[in-house]
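Please look over the sequence and the model shown here before reading on. The paragraphs that follow lead through its strands, one of its helices and a few points along the backbone.

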Amino acid sequence: LAANQLSTQTQQSLEYRVKSMSEVAKVGFTDWLEAHSVAMSGFIQTMPHNDEINALEMLQLSGKFAMTFYAQTDGTLVLANGASVDIDPRQRPWYLEAVKEGKTICTDPYRDALTGETMVTVATPVYQNGQLTGVVGGDISLRKVVSDLSQFNFGENAFGMLFSDSG
């Protein structure tokens, strides 16, 4: 009986610790996403910009993004580095999801077509006078996400893992 009781208490203690650490990580990730969302809010609140590329560069620096961009509803895509790419941003998953959700989103990890690096995109829909004018976004390498989130202290003999809803 005593061994069974000890086993049950140990199991409950472990479950409690895992649940507590999961909540800490969840709050930490939410704060991390909110920090990037705040950077994007600055870009949106200062619109229109005399120099869109300069404004995107400032967003890229302040949010520590690998790349930032503004996709307008007419299909125009402005990149912080001034490059032009032949894609319709309105068909990209980050654009569609941000518009559908009506708020800042973070995509599942994907392999960047230009760099080959695994990235996530944080994107926010832009509304002016109640009308959608586009989506502002920033790419973040998964290495940076992991580096940022690895700052959490999960305790001795513990480590964190990052999963998307799809695994």
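**A walk through the predicted model**

In the hairpin of β5 and β6, where two residues lie between the strands, N129 takes a positive phi near 55°; helices (H or I, at least four residues) and strands (E, at least two) are DSSP runs, numbered from the N terminus. N129 is not a glycine, and at 81% relative accessibility it counts as exposed, where exposed means over 50% relative accessible area, buried under 20% and partly exposed in between (1.4 Å probe, protein chains only).

This is a predicted model, in which local features need pLDDT of at least 70 and side-chain atom pairs count only at pLDDT 80 or more, while totals for chains, interfaces and linings use all residues. Residues are numbered from 1 along each chain as its sequence is written, and side-chain values use heavy atoms, with hydrogens and water left out. The protein averages a pLDDT of 83, with 79% of the residues scoring at least 70; pLDDT is the predictor's confidence in each residue, from 0 to 100. Confidence is lowest in helix α1 (residues 2-45), at a mean of 72, and highest in α3, at 96.

Strand β6 (residues 131-141) has nine of its 11 residues buried, so it is largely enclosed by the rest of the structure. Strand β5 (residues 118-128) runs antiparallel to β6 and is joined to it by 10 bridges, while β1 (residues 67-72), also antiparallel to β6, is joined to it by six bridges; two strands pair if DSSP finds at least two bridges between them. Within β6, V135 is the bridge partner of A71, and P125 likewise stands opposite V135.

W94, Y95 and A98 are buried in α3. They cover an arc of only 100° around the axis, which puts them on the same side of the helix; the arc is that of the directions from the helix axis to the C-beta atoms. On the other side of α3, P93 and K100 are exposed. An α-helix has 3.6 residues a turn, so residues three or four places apart point the same way.

The peptide bond from M47 to P48 is cis, with omega near -5°, and P48 lies in the loop between α1 and α2 (52-63). In the loop between α2 and β1 lies K64, a residue other than glycine whose phi is positive, near 55°; K64 is exposed, with a relative accessible area of 57%.
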